[in-house]
Amino acid sequence: MRLKIWTVLFFMTSAQFAWGQTSGKAKLAGAEATAPEPSANIYAVLGATSEQETLVRAQIRVMQPGDYALRVLFVPHWKYVDAARAFNLHVPAGYTSKLFTHLPSRSVFIDSDRYVTDDSLGYWLAHELGHLAANSISENDADKAAREYRKRLKDASKPDVRAAARAQ
């Protein structure tokens, strides 16, 4: 079991280092260097179609979470089940899971074969970002944190808000 967990974490983190290439000399951070401001582009969306990636990025931009996931992974059902098993995801009896968050790696896993609509994706993505905001596996803590995110999504979907945004 530990081998599976370490293998998954190795591949997830090694992809992060394989993305960037540098040209020229590396610079050391000086005393005056500051951390960059968080933005909607500091996370990776992996395994998604272009429409799914656009949708997730737009929804996260509207929600404006305080804590971003490092990666959002769309995976087929078999891989989702395997990852849930590897991370010891406990789902209450009678419930199913279409998304889950792995807090140590700050990753959100989405079962790409089972999520139903774009609206439901936003609703449950808010919940998963709530886990990150609360830094807790508690479902109640995640729902409390997700309320504001869901309110922002709902407000953004109102016709008068979209018309005002286009006018600007």
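1. Lysine 151 comes out partly exposed, at a relative accessible area of 46% (buried is under 20%, exposed over 50%, partly exposed in between, with a 1.4 Å probe and protein chains only). Its salt-bridge partner is aspartate 155, with 3.2 Å between the closest N and O atoms (the rule: a side-chain nitrogen of Lys or Arg within 4 Å of a carboxyl oxygen of Asp or Glu). Aspartate 155 is partly exposed too, at 26%. Both residues sit in helix 5 (residues 139-156), four residues apart, about one turn of the helix.

2. Keep in mind that this is a predicted model: local features need pLDDT of at least 70, side-chain atom pairs count only at pLDDT 80 or more, and totals for chains, interfaces and linings use all residues. Numbering runs from 1 along each chain as its sequence is written, and side-chain values use heavy atoms, with hydrogens and water left out.

3. The salt-bridge count is five. Among them is aspartate 143 with arginine 150, at 3.6 Å, N to O; aspartate 143 is partly exposed at 28%, while arginine 150 is buried at 16%.

4. Now strand 4 (residues 107-111): five of its five residues are buried. Ser107, Phe109 and Asp111 cover one side, Val108 and Ile110 the other. Helices (H or I, at least four residues) and strands (E, at least two) are DSSP runs, numbered from the N terminus.

5. Strand 4 pairs in parallel with strand 2 (residues 71-75) over five bridges (pairing takes at least two DSSP bridges). Strand 3 (residues 99-102) runs antiparallel to strand 4, with four bridges. Serine 107 is the bridge partner of arginine 71 and of histidine 102.
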